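Okay, thanks everyone for coming. Let me put the structure up, and then I'll walk you through a few parts of it.

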Amino acid sequence: MADYKIFTRDGTCEANTYFVVFGPEVLVIDASNRFDRSMIPEGTVKAVLLTHGHFDHILTAEDYVKKFSCPIYVSKEELSCFTDPELNVSACFGFATILHVEAKTWDSNTITSEELGFSEPGLFTVKVIPTPGHSEGSVCFLLDIGGEKMLFTGDTLFRGTVGRIDLPGGSAKKMQESIKLLSQMDDDLLCFPGHGEPTTIGQEKQYNLYFGDISVDGRVVEI
Ligand SMILES: [Zn+2]
């Protein structure tokens, strides 16, 4: 299996930026920290994946593009967040985040490391799991590194709770369905939330009230 490390930096609104480091090449998940080259692990950022388009998760995406000429990926429902302070919620905080870069969206729900520009073939895959509820186009990324899997949950799932549903594009019903979906995943699946500490699906099933009384008749994800 590939040798890799995961670093976290928390930034604006204490949102996490994750750096998955494969030797000299780096995958970034969410772009929330103030962009400071010294905070970025050694290596070249090959791609930035965004779990959703809220300002505290996209704020520095433009800096990665400028510094590393890397692509940014976000779901198509969130593309307009780049230029709409109401949708990216910065307006609620009294300022206007607008990005001047183009983002890509994925063609299929599995993205390979080759597609993201990594040099070693078969290094990892990323399965995109739509989990609307916090926002219309919120997703979780299931990273599979040679069979070792971990889930980046954005603002869908936090340790002990779930993301807000009262922001533009939010939906209690969709959040419930998304949590039902996540509850079907392996208990020992490691989860890296958009804010706060890591957790596992099993831990959330045990302690997270939003996982209570969920019957497993929803969508099923093959992992
Ligand atoms: Zn958010």
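This is a predicted model: local features need pLDDT of at least 70, side-chain atom pairs count only at pLDDT 80 or more; totals for chains, interfaces and linings use all residues.

S2, residues 16-22, runs antiparallel to S3, with five bridges joining them. If you want a spot to look at, Tyr 18 sits opposite Ile 29 in S3.

On to the other partner. S3 also pairs with S4, residues 44-49, this time in the parallel sense, again over five bridges. There, Leu 27 stands opposite Ala 47 in S4.

How many residues of S3 are buried? Five of the five, residues 25-29, so the strand is largely enclosed by the rest of the structure. Glu 25, Leu 27 and Ile 29 point one way, Val 26 and Val 28 the other, and all are buried.

Now the core. The largest nonpolar core has 54 residues, and Val 48, Leu 50, Ile 58, Ala 61 and Phe 141 touch the most other members. Strand S8, residues 139-145, gives this core its largest share, five residues. Phe 141 has contacts beyond its sequence neighbours within four places, among them Ile 29, Val 126 and Phe 152.

Last stop, helix H3, residues 172-183. Twelve residues at 1.5 Å each should span 16 Å, and the end C-alpha atoms are 16 Å apart, so that agrees. Its buried residues, including Met 175, Ile 179 and Leu 182, pack against strands S10 and S11 and helix H4.

How values were computed:
Residues are numbered from 1 along each chain as its sequence is written. A nonpolar core is a set of buried Ala, Val, Leu, Ile, Met, Phe, Trp, Tyr and Cys residues joined through C-beta atoms within 7 Å. A residue is buried if 20 or more other C-beta atoms lie within 10 Å of its own, exposed if 12 or fewer, and partly exposed in between; C-beta atoms are placed from the backbone. Helices (H or I, at least four residues) and strands (E, at least two) are DSSP runs, numbered from the N terminus. Two residues are in contact if their C-beta atoms, placed from the backbone, lie within 7 Å. The expected span of a helix is 1.5 Å times one less than its number of residues. Two strands pair if DSSP finds at least two bridges between them.
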